[in-house]
Amino acid sequence: MIIYQATKEEFLEHVEEDLIEQKIYEQYSTKIGRTSQSEIASWNHSMQYMYKVLNTNAVPRKAGIAIEYRLPTTSKRVDFIITGENEFGKETVIIIELKQWQKAERVNKEDVVRTFVGHKEREVAHPSYQAWSYAAIIRDYNETVQNQDIELHPCSYLHNYITQDGDPILDEEIYGCLKKAPLFKNGDVKKLREFIERYVQKPDQNKTLYKIEHGKIRPSKSLQDALLKMLQGNQEFVMIDSQKVVYETALNQARFAFDTGKKQVIIVEGGPGTGKSVLAINLLVQLTNESMVCQYISKNSAPREVYKRRLQSNYKKSYIDNLFKGSGSYVDSNKNELDVLIVDEAHRLNEKSGMFKNIGENQTKEIIHAAKCAIFFIDECQRVTASDVGSIEEIESFAKKQGAQVIKVGLDSQFRCNGSDGYLAWIDDVLGIRETANDIGFEHDYLFEVLDNPNELKQIIYEKNSINNKARMVAGYCWEWIKAGKENTNVHDINLPDYDFSMSWNLGNTNTWAIDEESVQEVGCIHTCQGLEFDYVGVIIGMDMIYRDSKVITDYTKRAKTDKSLNGLLGKCKKRENEALALADKIIRNTYRTLMTRGQKGCYVFCEDIELGKYLKERMQINKVQYGEMKTIGLIAEGVENYHI
């Protein structure tokens, strides 16, 4: 998606006539929505500098200009693009990362700097690394760019930055990204102009921008598909922005703990699709390659079993089992027995371990005790059972008691749900989890549709799954799991007689429902899909979530008795009723939030409660009015294939 597009000639006119920020904002508000005054002001300020750079006859008048190009299926945008042809007639793209920084400091992390941004000092990716990573994503996943050999030349322009003697931000020996994407600072107008002139010598009449905007994007990568190549040392995912900072921070602290024996705890907070699991596996690979004893932990067995299935033909079972562990594996571990433990989905950690939850003291405490360095990836809004006690507060408390240094970092780069930050915020608002600025809708680049009949939902998922086995149906736990049918897909646990609809819960004789070829015929639950992802997900919302008196409300009594996620709630109700009901309400809302964010490309929903279905459609109708004409209420144009990290 390109927000502003013009020729160089038109761009210069818009700046000269003081129209540029208005032109950008008009397109931004149409295609994405509201933005801050500070971003509008930054457009105006930076475009004045780009005007000076491009105000030369050496850059063709009909060269293409794009401002705010959103990378496919991510929430990140390229600030400025110039397109044309080089002296040999080859199509060329200049990618420019614009910054208004005035100073930056070196940190001892690869391609990371510290600067004042977002009202405080922060560690961020070096702007040239940022430009290079954006170019890498376009090159790797836009088939048109790759097949037609379109050249990409990234750079960064810090137009307010006045360097001091020995300023490390320009040192190629310190920042290797400068060799891939040069940096231009205040006073470098002529140097940047010469850089552009070197590659853009002939006009392209905006045809290159068209290819970037409309080119075929390679199918999305999922972690479970890329895992084998990652363990073999291939870089399957380009880390961008906060991901790069988190990765380098975790590496540094793990190395420090390994060298000194001083216990370290890193807490990584991030919502759905921010790349937590990908970063966890990348860290597992890198730290293992550095001869550290490192293990990946998840409380939920589903992702571990999927990973093991993917690796079983290339690695011995003993090797795989030693890499991927359950969260209850450290009850009897000695202090600092392992170098690094990487905990994915840390919000799912329990107090006790074992089948009957009667072993050990606390899983968080035991993991910190067992490792020199423990890395916790967490999203507290994905706690979905009463026994989930993993929290930032608890991790910090146990770390402090064990004398560990605690470092907290966050992930904000969004890659799931077609990169729609707006969709995730909208879901939180719609489900009543938290009020967000996206109460009126989200940008139209993610497919979301509310259906009136579960059979229609089923048919759509079957059709989507026939493409590449990456579509599944899931449901809230409102139907009993019939014991006699746990290994027989013909025994239907889920029944909606008003619609002549019935299906089986996922079978108990497999832990790899997410990738089994025949499992599209079964409905998954939160326990078999959390931590995993699909291209499309179909969600059945049961009567534990309904809409009454202009509010979304929950009813824990509608959950199946075989559902263990609310175990112990009745006992708590007798002692602390309000607290127990609040916990049940949170678990139900979090469950549906998690289910509705499993799809990379789209989410289809059927609500057993008719009023809830009407409410979701009304919210989508508002989205339609806010973001323009759509062919079907609730249907967001699919666009291109996904890139995922």
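Start by selecting strands β2 (residues 64–70) and β3 (residues 77–85). In this predicted model, the two strands pair in the antiparallel sense over six bridges. Here two strands count as paired if DSSP finds at least two bridges between them. Strands themselves are DSSP runs of E with at least two residues, helices are runs of H or I with at least four, and both are numbered from the N terminus.

Zoom in on Y69 and you will find V78 of β3 standing opposite.

For one landmark here, pick A6: the bridge partner of A6 in β2 is I65.

Now colour β2 by accessibility. How many of its seven residues are buried? Seven of the seven are, so the strand is mostly covered, because buried means under 20% relative accessible area, while exposed means over 50% and partly exposed lies in between (1.4 Å probe, protein chains only).

Stay in this region and show the side chains of R77 and E68. They meet in a salt bridge, with N to O at 2.7 Å, and both residues are buried. A salt bridge is a side-chain nitrogen of Lys or Arg within 4 Å of a carboxyl oxygen of Asp or Glu. The structure holds 34 of these salt bridges.

A quick note before moving on: residues are numbered from 1 along each chain as its sequence is written, and side-chain values use heavy atoms, with hydrogens and water left out. Local features need pLDDT of at least 70 and side-chain atom pairs count only at pLDDT 80 or more, whereas totals for chains, interfaces and linings use all residues.

Then jump to helix α21 (residues 610–627) and select K614 and E611. Their salt bridge has its closest N and O atoms 3.6 Å apart. Where do the two residues sit relative to each other in the helix? K614 and E611 are three residues apart, so about one helical turn separates them. K614 is partly exposed at 44% relative accessibility, and E611 is partly exposed too, at 36%.

For the last stop, select E105, K109, R114 and E123: salt bridges that share partners join these residues into one network. Within this group, look at R114 and E105, which form a salt bridge with the closest N and O atoms 3.7 Å apart. Are these two residues buried or partly exposed? R114 is partly exposed, with a relative accessible area of 28%, and E105 counts as partly exposed at 39%.
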